[in-house]
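Welcome! Please take a moment with the structure below before reading on.

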Number of protein chains: 2
Amino acid sequence: MTDAQPCIPLSVIRRLTKYLTHVQGLRSRGAEWVSSRELADNLGLTSSTVRQDLSHLDFCGTSRRGYKTCGLYAVLSHVFGADIAWNMVVVGAGNLGRALALHEEFQRRGFHICGIFDSDDRKIGRKIGRLTIQNVRRIPTTIRNNRIDVGVIAVPASAAQRVADLMVASGIRGILNMAQTHIVTPKRVPVVDVRIVATLQELAHAISRIKNKAD
Amino acid sequence: MTDAQPCIPLSVIRRLTKYLTHVQGLRSRGAEWVSSRELADNLGLTSSTVRQDLSHLDFCGTSRRGYKTCGLYAVLSHVFGADIAWNMVVVGAGNLGRALALHEEFQRRGFHICGIFDSDDRKIGRKIGRLTIQNVRRIPTTIRNNRIDVGVIAVPASAAQRVADLMVASGIRGILNMAQTHIVTPKRVPVVDVRIVATLQELAHAISRIKNKAD
DNA sequence: TAGATTGTTAATCGATTAACAATC
DNA sequence: TAGATTGTTAATCGATTAACAATC
């Protein structure tokens, strides 16, 4: 089986995740059809953008009706591997690492956390939900033996690159970086960043601009 | 005092947060100067982009030397209100809400969490760090009396819009949305999203594409 | 001085929007 | 049928990159 769409632009991919979430909700509420206009209105986009985006998929809408929610859901799920089980490890058992390990949303979406690690001896051995915090030295064997796909970096910025290097050397396939720093990997290992503080700063900037207008 | 730069594009703003973090690190390591090339190499950009971005700031570099780290840090801090204290409340005392309330990085960057709320009676009254979980009914008075700037939404998607409406009605200035859904607000109240699951899905897609190449 | 790096202009590239024929 | 909505093309818009004169 080959994918009909060899390369979907990243800007489109990011919106496709929104469609996936929204269509999942529509389906659970029993909606059979959805139009590009409805999707656009609910997600703050234009209907033109939605149609343009969906045209990248191996899936067609119907004139005068829109898109079948079940078909759209299926094809979007496939694009994002939501029909696959992904194995993850979390490195860093601080507040963020703990929250991720306990967050049920991940399990529900097919992302399974198989291990959590820390370098602090006082934390090693403690339990977080059903998981036991392990020594970071055990990362390589865990990644290799359990066919781990994704490594989550939830350590301070100063340790992030070292952890990434270790993950890469151990055969990780992709990295989710929650540390406030840029990480370098070989091209074969994609990295995505979740930058919470940066997002807050972006918000602070936006708020300041509003204020300035009012002055 | 007026800002010389009336409007910096969002794409630039997002990179400016990266420069801010990196320059902060450089300064703490005692570096006095940084060039556009050095910034670019460390953050995965081109030097052209860096110079273009920094030209939006009320700050000039020096030929043959680059940019003074202390000046660059000062002007970037100002753009993102890092020199201001921001007051926040967190709504939702689940794993994510707890993690945010305990995360020290926020305090350090000037984002102070002044309250945490939940609608679950069993959680109300419990402590998270120095904060006590309060009933969501107390959100409006808290926002008003404590001059809260930012509301963090850490509730399930189904409750997110309702919480946002309440925050807006109570005079919040901006919203950080951690829920997996699109939120609508009046234009005067900016919203930024932290979409962790969507980011993971983006990563899953990227990994799948690599795999396909190898096949 | 010679040479490295900025700031800026112009060129390229990509993303979004508008428009409309095709269609059910 | 009439009319709503898709899929797609072309136009617009914005972002990135290349190039280079100015400069210290």
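Here is a short tour of a helix pair and a sheet in chain B.

This is a predicted model, in which local features need pLDDT of at least 70 and side-chain atom pairs count only at pLDDT 80 or more, while totals for chains, interfaces and linings use all residues. Residues are numbered from 1 along each chain as its sequence is written, chains are lettered from A and ligands numbered from 1 in the order in which they are written, and side-chain values use heavy atoms, without hydrogens and water.

**The helix pair**

Let's begin with H1(B) and H4(B), whose axes come within 9 Å and cross at roughly 135°. Axes are lines fitted to C-alpha atoms, for helices over the stretch in contact, with angles from 0 to 180 degrees between N-to-C directions. The two helices are therefore oblique to each other; angles under 35 degrees count as roughly parallel, over 145 as roughly antiparallel, 65 to 115 as roughly perpendicular and the rest as oblique.

**The sheet**

Next comes an open sheet of 7 strands with mixed pairing, in the order E5-E6-E4-E3-E7-E8-E9 (chain B). Strands pair if DSSP finds at least two bridges between them. E3(B) and E4(B) run parallel, joined by 6 bridges, and B:Val89 has B:Gly115 as its bridge partner in E4(B).

Helices (H or I, at least four residues) and strands (E, at least two) are DSSP runs, numbered from the N terminus.

Finally, H5(B) lies across E3, E4, E5 and E7 of chain B, at about 150° to E4(B).

Notes: Contact means heavy atoms within 4.5 Å.
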